[in-house]
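Here is a friendly walk through one model, written for someone who likes to know the cut-offs behind each term. Take a look at the structure first, and then we can go through it together.

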Amino acid sequence: MNVNNVEAVRATLHDALTRDERIVILGEDVGARGNVFLITKDFLQEFGPQRIVDTPLSESAIIGVAVGMAMDGLRPIAEIQFADFIFPAFNQIVGEAAKTRYRSNGDYTCPLVIRTPYGGGVRGALSHSISIEALFYHVPGLKIVAPAFPADVRGLLNAAIADPDPILFLEHKKTYRLARTDIADEAYTIPIGQADIKRSGTDLTVVSYGYFVHLALEAAAKLSSEDISVEVIDLRSIRPMDKTTILQSLSKTHRLLIIHEDHAFGGIGAEIAAMVASEALFELDAPIRRLCGPDVPAMGYAHALEDAYMISSEQMATAMREMVQF
Amino acid sequence: MKASEQRELLRRMLLHRQIDTRAFQLNRQGRIPFALGGEGHEAAQAGASLAFMRGQDVLVPYYRDLGLALGIGLPVIDVFTSLFAKKADTSGGRQFPSHFSNKALGLVSISSIIAAHVAHAVGFGLAMQYRKERGRAVLCSFGDGATSQGEWHEALNFAAVMQAPVVFFCQNNGWAISVPQSKQMRINDIADRAIGYGMPGSTVDGFDPIAVYDAVHAALERARNGGGPSLIEAKCYRFLPHTSDDDDRTYRQPEEVETQRTRDPLPTFERQLIEKQIYSTDEIALLKAELYEHIDQALEEAAALENPSADSLTTNVYAGTEKAWL
Ligand SMILES: Cc1ncc(C[n+]2csc(CCOP(=O)(O)OP(=O)(O)O)c2C)c(N)n1
Ligand SMILES: [Mg+2]
């Protein structure tokens with residue numbers, strides 16, 4: 001099938017609903033409206049209100065109810081309309097879902113997928129733009145994936161649905177309709193925790209995920225005309241994270257640039273940098289550099305403010321050049 | 001109510017009371033670090049547990065529900081493996097006492113987070129509804145303080161909208177640790193909250209096990225037959241401090257406790273059964289001795305069991321052995 005990310009999510013959910021009776025989708029406006037991005041469009045007619053559940057405006061209860069369903073053998077796929085609205089459910093995700101298996105010593109489990117659109121660059125202002133991964137990746141018992149290309153979306157969503165533990169499935173809004181590609185029709189899976197080298201190179205390793213992988217690829221393509229060879233790793237999964245791919249790449253390039261939209265302080269890049277510093281310090285020919293979202297509470301609405309928050313492919317290219325010249 | 005059922009109610013109340021007494025003794029002896037008692041809640045829990053249909057219903061309890069857990073079939077030994085935090089404990093020694101998990105009995109694992117479990121009960125109910133399992137319902141229990149939580153309100157609203165087969169059972173003992181009901185809410189009867197959600201609410205004397213049974217039985221029957229959720233408030237009292245770590249003399253007058261003690265449901269119900277000639281004084285004495293013997297055996301048996309191994313720290317985080325870094 002030839003799809004963008006929205007269609008990849010939709011097609012994968014559709015197949016899963018058809019395949020597995022235990023799957024129910026619940027969230028705000030997922031029924032008659034078919035989700036604000038039309039991801040569940042027409043599902044209500046096809047699968048009925050018992051499986052496509054329009055819930056009250058009640059994030060904590062959406063996740064709490066889904067946790068109960070999951071403990072009782074269903075395979076709920078809960079939707080938080082925008083990642084910015086997930087915090088009322090923080091307790092249910094961190095305090096309940098992530099601990100269910102551990103606290104019952106395996107008697108009860110919580111096979112739950114929480115899908116949510118995140119990220120900026122879409123004129124979403126303060127409360128429709130944020131990245132939430134760093135606030136959750138600290139939590140053992142949870143898994144987090146953030147694929148950014150249709151083929152990865154399909155493979156990782158299938159893996160998430162099949163997984164016996166709770167998973168936060170992050171969909172970057174800016175990637176929803178960014179590109180169309182041909183992907184396989186079968187319900188294939190991509191293992192959670194496996195990064196993907198989206199472009200191979202020899203001078204510099206760029207580690208990123210989400211929308212910024214697309215921009216990093218643009219920058220890397222530009223630099224190839226300057227004879228700079230950049231390897232771009234798309235993490236795809238944030239917890240667990242793929243150490244092997246990062247270290248193997250560094251043993252070739254000896255330079256690491258980490259790019260993400262979420263804040264730098266305490267972010268995903270900090271963890272990667274710490275891992276590399278303790279496991280591959282002597283591989284490095286240049287200091288590790290992080291190019292991340294600024295240390296401000298939120299993204300602004302005005303174009304100028306949003307642009308100042310997001311990192312452009314030009315800025316990425318500049319950082320790449322500087323690193324190679326170090 | 002049949003004489004045999006009334007005898008059973010008394011047996012459950014006595015078992016609950018005797019185990020609590022032993023737990024606090026063990027704590028004073030320094031054999032266990034922590035005890036959590038339900039003195040004053042025995043009638044409410046015996047009555048509610050008698051209405052529970054074993055093999056059909058599901059119980060989503062809270063931490064003070066020892067009597068409910070025993071009443072739906074939890075073996076006495078499991079109480080002591082929990083108090084001693086043994087390997088054989090239903091959480092493998094991870095949880096505080098009285099946070100049991102027994103899927104086979106329909107006894108759901110909980111955290112200690114007040115009211116976080118209420119939405120789970122709705123999820124279990126909706127899973128039953130989804131599978132069209134008429135004849136099954138969920139009993140969800142909590143204290144008066146829990147009804148101040150947003151999660152509690154979200155869950156009740158959700159249940160009502162979906163007509164989930166759940167009975168919300170509030171044991172109102174007038175206190176949330178040191179905070180009296182008057183500082184939690186402006187209403188006298190927690191059952192009054194039900195009308196705000198469009199579900200039936202009723203208040204019963206939580207010191208009267210038969211009244212509690214009647215109310216919970218009717219509500220469970222309605223839920224089992226597609227009649228939707230309801231809220232029952234059983235007014236009782238907590239005779240003991242909140243836990244073995246609490247000193248209730250810092251916030252309530254001993255006279256208040258003494259006055260309430262004159263209405264202690266245990267001697268009261270014993271007297272009633274003797275008056276009704278359902279039991280003789282001698283028979284009750286014999287029953288108490290039997291229970292004491294049974295508890296004593298379980299206690300010593302549990303005390304002799306092995307402790308969890310340090311290795312078990314890292315098990316049951318995920319289904320597999322995933323680490324944060326792969
Ligand atoms: C979310 C949360 N806040 C605070 C606490 C600490 N805490 C434990 S029990 C309790 C009082 C609960 O009172 P109630 O619901 O009436 O139950 P009771 O203990 O009286 O049976 C509090 C404040 C907690 N466990 N969880
Ligand atoms: Mg209370």
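## An arginine and a glutamate in chain B

Let's start with B:Arg238, whose side chain reaches the backbone oxygen of B:Ile177 at 3.4 Å. That is a polar contact, meaning a pair of N or O atoms within 3.5 Å; within protein, one must be able to donate a hydrogen and the other to accept it, and residues adjacent in sequence count only if both atoms are side-chain atoms. B:Arg238 sits in the loop between strand 7 (230-235) and helix 8 (254-261) of chain B. Helices (H or I, at least four residues) and strands (E, at least two) are DSSP runs, numbered from the N terminus. B:Arg238 counts as buried because its relative accessible area is 0%; the classes are buried under 20%, exposed over 50% and partly exposed in between, with a 1.4 Å probe and protein chains only.

Strand 7 of chain B holds B:Glu233, which is buried too, with a relative accessible area of 0%. B:Glu233 and B:Ala44 are 189 residues apart in sequence, yet 9.7 Å apart in space, C-alpha to C-alpha.

## How to read the model

This is a predicted model, where local features need pLDDT of at least 70 and side-chain atom pairs count only at pLDDT 80 or more, while totals for chains, interfaces and linings use all residues. Residues are numbered from 1 along each chain as its sequence is written, chains are lettered from A and ligands numbered from 1 in the order in which they are written, and side-chain values use heavy atoms, with hydrogens and water left out.

## Around ligand 1

Which residues come nearest to ligand 1? Of the 16 residues around it, they are B:Tyr62, B:Tyr63, B:Arg64, B:Gly145 and B:Trp175; a residue is near if one of its heavy atoms lies within 4 Å. By class, this shell has 8 nonpolar, 6 polar and 2 charged residues. Ala, Val, Leu, Ile, Met, Phe, Trp, Tyr, Cys and Pro count as nonpolar, Asp, Glu, Lys and Arg as charged, and the others, Gly among them, as polar.

A polar backbone atom of B:Ser112 lies 2.8 Å from a nitrogen atom of the ligand. Taken alone, ligand 1 exposes 580 Å², and the protein buries 73% of that; these areas come from the Shrake-Rupley method with a 1.4 Å probe, and for residues only the protein chains shown count as cover.

## The magnesium ion

B:Asp144 (OD), B:Asn173 (OD1) and B:Trp175 (O) coordinate the magnesium ion (ligand 2) at 2.1 Å. Donors are N, O and S atoms within 2.8 Å of the metal (3.2 Å for Na, K and Ca); water is not among the atoms, so sites may look incomplete. Along the chain, the donors follow the spacing D-x28-N-x1-W. B:Asp144, in the loop between strand 2 (138-143) and helix 6 (150-162) of chain B, and B:Trp175, in strand 4 (residues 175-176) of chain B, are 31 residues apart. Both B:Asp144 and B:Trp175 are buried.

## Aromatic pairs

How many aromatic pairs are there over all chains? The count comes to 14, where rings of Phe, Tyr and Trp (its six-membered ring) pair if their centres lie within 6.5 Å, and planes under 30 degrees apart count as stacked, over 60 as edge-to-face and the rest as tilted. A:Tyr108 and B:Phe124 form an edge-to-face pair, 6.3 Å centre to centre with 80 degrees between the planes. This pair crosses between chains, and both residues are buried.
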